[in-house]
Amino acid sequence: MSDPVNKKRQVMNHDAYPDNYIRGILNSVKSIAMVGASPVNVRPSYFAFKYLAQRGYDMIPINPGHVGKELLGKPFVASLSDLGRPVDMIDIFRNSSHIMPVIEEALTLDPLPKVIWMQLGARDDAAAAKAESVGIKVVMNRCPKIEYGRLSSEISWMGVNSRTLSSKRAPVPTQGMRLSLNRMSVGGGDTAASDRAAKNKSEQS
Amino acid sequence: MSDRLPGFSTLAVHAGAQPDPTTGARATPIYQTTSFVFNDADHAASLFGLQAFGNIYTRIGNPTNAVLEERVAALEGGTAALAVASGHAAQVVVLQQLLQPGDEFIAARKLYGGSINQFTHAFKSFGWNVVWADPDDIASFERAVTPRTKAIFIESIANPAGSITDIEAISTVARKAGVPLIVDNTLASPYLIRPIDHGADIVVHSLTKFLGGHGNSLGGIIVDAGTFDWSTGGKYPMLSEPRPEYHGIRLQETFGNFAFAIACRVLGLRDLGPALSPFNAFMILTGIETLPLRMQRHCDNAKAVAEFLAGHPAVASVSYAGLPSDKYNQLARKYAPRGAGAVFTFSLKGGYDAGVSLVSKLQLFSHLANVGDTRSLVIHPASTTHSQLDDAAKIKSGAGPDVVRLSVGIEDKEDLIADLEQALGA
């Protein structure tokens with residue numbers, strides 16, 4: 001599978017990610033530190049944390065308000081600086097206005113993370129540019145649970161357009177199983193119409 | 001993996017379907033079951049809390065129906081879809097997510113007669129107030145907007161006369177008003193028009209018509225374009241506010257650009273109950289595989305029949321947007337270049353009595369209240385589909401007493417023309 005980002009660094013269009021870009025990230029990262037992980041089981045961060053753990057990712061919850069407690073058996077860590085171990089990806093569950101300090105802290109890590117991912121609704125182009133300037137791949141305004149479910153077609157149970165096709169028989173998913181994301185893409189990134197709407201919105205604001 | 005885009009016909013066959021994980025069955029199986037076992041208590045809790053992907057109960061979701069949903073979402077270019085029991089059920093479920101009692105929605109006056117009844121009477125009893133506008137006068141939509149307006153509803157190709165609606169112009173009004181545009185795309189099907197490409201935020205269908213296409217199964221579907229921002233101003237609390245039904249989840253925040261489809265499923269279908277039978281979903285899926293082939297034949301036949309009627313001495317006028325002389329021909333060329341659909345009307349010089357006589361003499365055309373069947377169909381709207389409207393409303397919606405509606409099938413066009421000729425001439 002080709003990965004255009006590794007071949008040469010190019011300006012990423014953050015309005016519409018090619019499926020290959022997202023697929024490459026989800027296929028290559030193993031450990032994910034989730035900034036803003038919540039123990040409240042109706043929060044989106046809890047949903048994503050639980051799902052990604054079920055799909056075999058090594059998950060680390062980061063939230064200074066819950067140090068000393070665990071999230072699904074994983075101890076909370078106060079901050080990125082307190083990780084004490086390398087991570088492949090940082091997944092940020094914070095509003096757009098709180099992204100920059102997290103990126104600045106991430107850039108002090110050694111080794112650097114390979115990917116910084118901002119959740120649905122979160123976007124900070126200046127912070128993204130800063131991370132990209134040192135070779136970190138950035139995804140904004142997306143959910144890794146939704147993207148994993150979409151590219152594996154596991155999300156299709158609820159009528160979501162996975163925008164992928166496959167004539168291959170897939171295994172029945174079990175706990176901890178990584179699923180194949182190598183399906184034929186119907187379109188790159190997001191659907192054209194919702195990309196256009198998101199772009200219009202970001203231009204207005 | 002390349003990001004090359006498959007074409008419409010490939011999606012019509014493949015989207016949403018893959019070999020069954022358990023058996024390898026290549027055709028989509030009919031999962032004729034009410035319920036699905038849980039792995040353990042945690043799995044059950046995760047499913048009920050919307051945290052995990054999976055099936056619970058067929059009123060909320062079913063694997064056969066899910067294939068149908070993804071396929072139509074792909075054909076329409078939407079983010080997600082929800083299949084329901086009928087086109088009417090789709091309309092109830094959509095508006096339940098958008099309107100509170102006392103709210104308003106603007107609807108085009110030219111609609112399927114059943115929709116006019118549903119909006120005027122049934123929805124009024126819910127406190128959802130319809131305000132009518134004229135699709136031939138875009139300014140009438142602007143004038144109808146009030147602070148209580150929550151949505152605009154139109155048909156892409158409008159029943160009964162097959163007129164074409166200027167979707168882009170009305171979507172501009174909707175955007176300015178900050179409300180979603182809902183387009184009923186039943187008579188066009190996504191093969192002819194993809195309303196999302198022209199600014200629709202929600203698309204609904206009666207699957208019973210061209211998508212299923214064989215006149216054998218009822219169904220409806222809702223497609224979420226993923227284009228509307230539900231979070232602003234607290235105007236759409238079903239999407240933006242914590243839902244007590246799910247311990248305080250906010251659907252837009254959790255599900256992003258397919259939150260509307262999820263709201264329709266977990267708040268609408270779950271609580272109102274108009275679930276689609278998996279058997280019907282299977283029949284409709286089989287129909288969709290040949291949609292591009294059938295739809296082109298429907299259109300080609302309709303054009304030939306319309307041309308024949310336009311030249312017949314007993315016919316006063318033909319309303320078919322595919323004819324160059326038709327007032328909607330420019331819009332048809334813009335929105336539906338492959339063909340102007342297969343449902344249209346014509347009026348007879350002999351008025352009401354000539355209409356009744358024609359219907360009784362036809363041998364191939366079936367006299368019944370449906371459209372979008374492989375078989376050619378005929379009806380006299382004034383005495384059937386539009387009979388509950390008063391005379392003025394009948395004329396305004398294009399169903400005057402002298403009007404006959406055809407839904408042209410995929411038979412040999414020469415046989416259809418011969419049937420009309422003998423029925424008109426004798």
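Leu26(A) is placed in helix α2 of chain A, where helices (H or I, at least four residues) and strands (E, at least two) are DSSP runs numbered from the N terminus. The model is a predicted one, in which local features need pLDDT of at least 70 and side-chain atom pairs count only at pLDDT 80 or more, whereas totals for chains, interfaces and linings use all residues. Residues are numbered from 1 along each chain as its sequence is written, and chains are lettered from A, and ligands numbered from 1, in the order in which they are written.

Leu26(A) counts as buried because it has 23 C-beta neighbours inside 10 Å. A residue is termed buried if 20 or more other C-beta atoms lie within 10 Å of its own, exposed if 12 or fewer, and partly exposed in between, with C-beta atoms placed from the backbone. Leaving aside neighbours within four places in sequence, the contacts of Leu26(A) are Pro144(A), Glu147(A), Tyr148(A), Leu151(A) and Leu181(A); two residues are in contact if their C-beta atoms, placed from the backbone, lie within 7 Å. Leu181(A) is 155 residues away from Leu26(A) along the chain, yet their C-alpha atoms are separated by 8.5 Å.

Chain A as a whole has 7 helices and 9 strands. Of its 205 residues, 48% count as buried. Among the contacts in chain A with a separation of 6 or more, 59% join residues 24 or more positions apart.

Several loops of chain A hold backbone features of note. Leu72(A), in the loop between β3 (70-71) and β4 (74-75) of chain A, has a positive phi of about 50 degrees although it is not a glycine. Leu72(A) counts as partly exposed because it has 14 C-beta neighbours inside 10 Å. Asn141(A) also has a positive phi, near 55 degrees, and is placed in the loop between β7 (137-139) and α6 of chain A. With 19 C-beta neighbours inside 10 Å, Asn141(A) counts as partly exposed. The peptide bond from Asp110(A) to Pro111(A) is cis, with omega near 0 degrees; Pro111(A) is in the loop between α4 (99-106) and β6 (115-118) of chain A.

Between the chains, 46 residues of chain A are in contact with 49 residues of chain B. On the chain A side, α2 (19-28), α3 (44-54), α6 (144-152), β9 (184-185) and α7 (192-204) each supply at least two residues. The most comes from α7(A), with 5 residues. By class, this side of chain A has 22 nonpolar, 17 polar and 7 charged residues; Ala, Val, Leu, Ile, Met, Phe, Trp, Tyr, Cys and Pro count as nonpolar, Asp, Glu, Lys and Arg as charged, and the others, Gly among them, as polar.

Chain B has 17 helices and 14 strands, and 55% of its 426 residues count as buried. Residues 24 or more positions apart make up 71% of the contacts in chain B with a separation of 6 or more. The domain assignment, which is automatic or taken from a database, gives domain 1 (8-287) and domain 2 (293-425) of chain B. The centres of the two domains, taken over C-alpha atoms, are separated by 29 Å. Their contact takes 27 residues from domain 1 and 33 residues from domain 2.

The largest nonpolar core has 193 residues, and those with the most contacts inside it are Ile152(B), Ile221(B) and Ile222(B). Such a core is a set of buried Ala, Val, Leu, Ile, Met, Phe, Trp, Tyr and Cys residues joined through C-beta atoms within 7 Å. Helix α11 (residues 259-272) of chain B gives the largest share of this core, 8 residues. Domain 1 and domain 2 of chain B each supply at least three residues to this core.

Helix α12 (residues 278-289) of chain B is mostly covered, with 9 of its 12 residues buried. The buried residues of α12(B), which include Phe282(B) and Leu285(B), pack against α1 (8-14), α3 (63-76), β1 (80-84) and α13 (291-310) of chain B. In another part of chain B, the peptide bond from Asn159(B) to Pro160(B) is cis, with omega near -5 degrees. Pro160(B) is in the loop between β5 (157-158) and β6 of chain B.
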